Structures are given as C-alpha cells and as structure tokens.
Amino acid sequence: MSYYKIENLEQYFKHYKKSVREPRKFWGKIAEENFVWYQAWDKVFEFDMEEARFEWFTNAKLNIVKNCIDRHLAKRGEKTAIIFEPNNPEEKEQRISYNDLYARVSKMANVLKDQGIKKGDRVCIYLPMIPELAISMLACARIGAIHSVIFAGFSSSAISKRITNSECKFVITSDGSFRGNKKIPLKPIIDEALLECESVEKVLVVNRAGIDIKMMEGRDLWLEPLLEQASPNHVAQVMDSEDPLFILYTSGSTGVPKGMVHTTAGYMVQTAYSFKNVFDYKENDIFWCTADCGWITGHSYIVYGPLLNGATTVLFEGVPSYPNPSRFWDIIDKYKVTQFYTAPTAIRALMTEDYSYVNSHDLSSLRVIGSVGEPINEEAWHWYNDHVGKKKCPIVDTWWQTETGSILISPLPFITPTKPTYATLPLPGIQAVLMDDKRNEIEENQIDGSLCIKFPWPSMARTIWGDHKRYKETYFSQFPGKYFTGDGALRDEVGYYRITGRADDVVIVSGHNLGTAPIEDAINEHPAVAESAVVGYKHDIKGNALYGYITLKMEGEYRDRENLKKEINQYISSHIGPIAKLDKIQFVEALPKTRSGKIMRRILRSIANGETKDFGDISTLINPEEIEKIITKTI
C-alpha cells in the first residue's frame, strides 16, 4: 500500500494509525517511493525534544530542485510548470514549461556561481511576484545557497534587520513593481537598507517596471545581460538532508524578527505530501495559491509543493481589486483553475462587493477551494462555499505556520466531512494534543486548550537562525516534550479541531475561558460589520474584560453608534452567552494587519490596556499608520 495519496476516509484512519505507531516506516516509505535521492538515509529520524534538536533522513543526499524540475523533464518537459499572470490584465501572461524552467533556473544558478555565490551563502530575494522570484529561489536551492525571501513591501529598516541577522552576501531585487494602478520603486529601498549592511557584496537587479534608478559601480549589476550569457545547463549540487534550504522571517512579539530555518529533505517530503492530499492534486489540474512568496504559504504552495508534484502553478503579480473586484474570478475563468487557495481577509473583502462580480464568471472548473492565514469565520465560510464553490467544492480550512513548514491540520477534499470554522483532523504524522494551564494533556473533547504537537514531523523548522536558545525557549519550554504552537484550540465531540485564536487571545473573564475567535464570528454576523478583533484588557472586578475593535460596511457606517453597540452585544449574547459581551467597543477605519493578512492583536491588546508606544516588531504590518489613528481617535 502506498502512503502517498489518501483515497478515502477509511484509508485516512489506517494511514494515520500507521504514522503514529510506525512513523519511521510510514515516512521512510513515502520518501523512498516518491523522490530522487543521490544517497539513502541511515535513519529516518532522530531527535531530542528537551534540546529541540531534530534530524530527518539522516545523512541522505539529494537536491530539492532536481526533484522539482529535472525528474519531470522526460515525461512532463513540455507541460506548463508556471503560469505568470501580470498585474495588468492587458499584459500577456507567460507560460513556462518544465523544460523552460530548467533552462531559466540553470542560467540563474550559473550567474550566481559566476558571481561568487557558494553552498551555504545567504541570498536575500526582494522581488515582486514575477517569474524571477520563483526562479531565484530555485536557483539558490540548486547550488546550495540559502535563500531568504523578503516581501517586496517591507521598509528599508525591516530589510536591513533581516539581511544583517542572516549576513546575506547577495541581494536580488528589481527596479520596481506594479501593484494595482501604482508603480512602486524597490531598488531605492534596497539602497537605503544596505547603508546599514556590511555583508552584501553584490546586488542583481531585474528590469521590471522601467523605473530610472541609480546603480552603484562595483556592487550593482543588471540581471538580464548576465542571464543572456549564462549556460542553460547546470548540474545540481549534492546537498545533505539537513542542509538549510531557506530562512524565512516571522515577527516576534519583541525585538528582532525570528529567522526560521527550514532544511532540505524533511521539508521536501512533507510539503509535497501535504500538497498532493490537501488539494487532491491530479495530473492536469491548474493550481492557484494567491499568497506572496515572501511568506511560507508562497514557498510551500506556489513553488515547492506544486513543482515537486509536477503540477501547473499560477503566479499572480497583482491584487484582487484591480482593475476591479472581479480579478480573482477573471483568472479562475481564464485558466480554468481547479484548486483555489486564498486568505479569509481576501474573502471578507470580496464578499462586501456586488455579487455580480463573482456570479458573472464561469467557476465550474473549480474542484477544491482553500483558506489559509487565520481561522475563517462562519459568514465568510458560507459565502465562499455558496458563491465561489457553488456548494460543490469542499473547503479545505488549513491550519499551519511558518514554523511548521507545511499544512498540519486540514480536511481532505471529498474525504473529510467539512464543518464551518473547523480545520478538522490532523494529517497523518501529526500528533496534535490540547494542554491545560497545569501542563496536563486534555483527554476530553469540547474543551479549550493550548494546541501542541507531541511528536516531530519532517517539515518542522529546525532552529531560529543564530539563536537556538530562543527557538527552544519559544516553542519547547512552555510544555516540555512538546512543540507549543502558540494557538488555542477547541476539539469537538468527534475530534475535529477548531483554532480559537492565539493562546494569548484566550481571555479569562470572571473565571470563564473565552476564545476571541468565536466572539468575533458572532460580531461579524451583524449586517453592519465588516470585520472585528476582540482582545482582553485588565478589569478591576472581572480580572479581564473584552474590548472590541470593529470596522463597518458602508451601509452601516453612519448609523447611530450607541444602538449599534447594543445590537452587537445582543448578537454576542445570543450566539455565545452574556458572559462574552464586550465592555468596550471602538469603531475603527481599519485593523492593523500583517502582509499575510493576520490581524496584529497583540498591538490592539496593548492599546486596550492603555499602552501607546513600544509595540515591539511592527515591520510585518501592511498599515502601521492605523495604530496612531486607533490610539488618538475613533471614526
């Protein structure tokens, strides 16, 4: 029996039991049967939970790009690997075959080597969502360099911190980028960042936006002429299973952002496995994940996961609202996308638009639709199901993190019965548990707890770059012997998991543990509400009370605010109970969010508790200006 593809619910339970009882046999068989290795492993895994040390496929030799590209050439050479859809729909798309991708990645790999990049060197990639971004990632991995992709919207200060922390030797950037109807210079941001960075030797520049930029002699080089001269052939570097593949920064609550280190073999095996099963991938499917490659979702489910399975993956440069709110649906219709994977933030934004934008398109090609980035609220789940999936496409509400590398909890389409707002069951190999405040494992269902994983999995991050102590303390100290996700969760009567918010978003009010996510769900049911965020603040009598930050839809914007507050609390009371009602409500223009769409609740919590400065690392915020607005005034 192959463990790689799960075909039905009975098989899921068989595979899951096998993965828990015989994890070495389970993962060993998947790795052996589905990937190309230069040399087999001595051990499938070994680990020390106390020291947070993990190894998978010990001493195996491989190259992940050989598995992403080279091994497909004989059968799929002319198959489209990447469809590039530009920001401007009037610009022609690119269809890059596996043969083309091999040549382009080889050329980039040869350029990097010719310029002095060696195995183990760090390369910062600061590019918009254009083919050169994926090609640069793959070229780095092909020669054994460690890529560190930084979202092309970060400030020079945020870039500088990341480059300095990882001591990047090269930067790959572009003159600028397109975002909606804007043209945004990128190279000047890099120039400013590098004033603080001593490690960078060269900057390779893609000409994307036709912006007039300054080039520093001896450091800056246009990429196109170098690629034209490079050979389209390259022999992939032999890598050890535990050689670092990439560093990806995620914001910490204080201080320096955390550079999560993912290594080669384990990440490859589990990312490919999760892609195949969570999205029910079949040979001629067209897969589209709307994330950016600056985030783990883009790494795992735009580049590595799809290409490891020989899939066709869509790379989209633009935004869902340009040139109008039908852009997502235009693209699905145009390419006959079969799997669509996006964030609840995007869904909530699009559901406020006229239904004709989505209903006027042929979305019949869709077979699976997915959600990522945060728990999806019930109203958005139903809108997504009704208007996009047409009640025919299962919604895979996926839970995972930058640190986990790949999806850990999710329905399997056409296999796991779905339930709105529930991520449902762990994938095989993932031993999820709930822990109480006394560090005891919660055996009963229908109780909230801290979500932990009690056994290692292949794609887990191995450390924080340059700071293993911080890695150990952040993830393995709160519940010894277990990985602490930082999320709270509820397990229902059949064992389905629902993420209730960050564990520090479980607020104890008058002795009651209240997850903020269900309260937000109730608030968002109100027809005037667009979005909400609930946090706890200190209260003299209750210990903690609840503070709600709420954005309104246009139709509710000018209603009587005091009546609106009463109605919102009535919704909460009827959905959850009077104990969950908000003591304070503030209507705001927008909520502070990271670029991946997550609401920065720790900042809102600080403001609710009267703090007005020193918010820690806010470099991942897309709209930092909203913080001051929230502090100083209401709308």
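Predicted model: local features only at pLDDT ≥ 70, side-chain atom pairs only at ≥ 80, totals over all residues.

Biologist: Okay, how do helix 19 and helix 20 cross, and at what angle?

Modeller: The axes of helix 19 (residues 601–608) and helix 20 (residues 625–632) cross at roughly 25° and come within 11 Å. That angle is under 35 degrees, so the two helices are roughly parallel to each other. The crossing of helix 19 past helix 20 is right-handed.

Biologist: Which residues make the contact?

Modeller: Helix 19 brings Ile 603, Leu 604 and Ile 607, and helix 20 brings Ile 627, Ile 630 and Ile 631. By class that's 6 nonpolar residues, with no polar and no charged ones.

Biologist: Switching topic: is Arg 462 buried or exposed?

Modeller: Buried, because its relative accessibility is 7% and the cut-off for buried is under 20%. Arg 462 sits in the loop between strand 22 (447–453) and strand 23 (463–464).

Biologist: What does the Arg 462 side chain pair with in a polar contact?

Modeller: The side chain of Thr 263, at 3.4 Å. Beyond its neighbours within four places in sequence, Arg 462 also has contacts that include Glu 242, Trp 56, Trp 457 and Tyr 471.

Biologist: And where is Leu 221?

Modeller: Leu 221 is in strand 12 (residues 220–222), and at 27% relative accessibility it counts as partly exposed.

Biologist: What does Leu 221 touch?

Modeller: Leaving out residues up to four places away in sequence, Leu 221 touches Gln 115, Lys 202, Val 203, Leu 204, Val 205, Met 215 and Leu 226.

Methods
Residues numbered from 1 in each chain as written. Heavy atoms only, no water. Axes fitted to C-alpha atoms, helices over the stretch in contact; angles between N-to-C directions. Helix = DSSP H or I, 4+ residues; strand = E, 2+ residues; numbered from the N terminus. Parallel < 35°, antiparallel > 145°, perpendicular 65-115°, else oblique. Left-handed = near helix turned anticlockwise from the far one by under 90°. Contact = heavy atoms within 4.5 Å. Nonpolar A, V, L, I, M, F, W, Y, C, P; charged D, E, K, R; others polar. Buried < 20%, exposed > 50% of the residue type's maximum accessible area, 1.4 Å probe, protein only. Polar contact = N/O pair within 3.5 Å; in protein donor to acceptor, adjacent residues only side chain to side chain.
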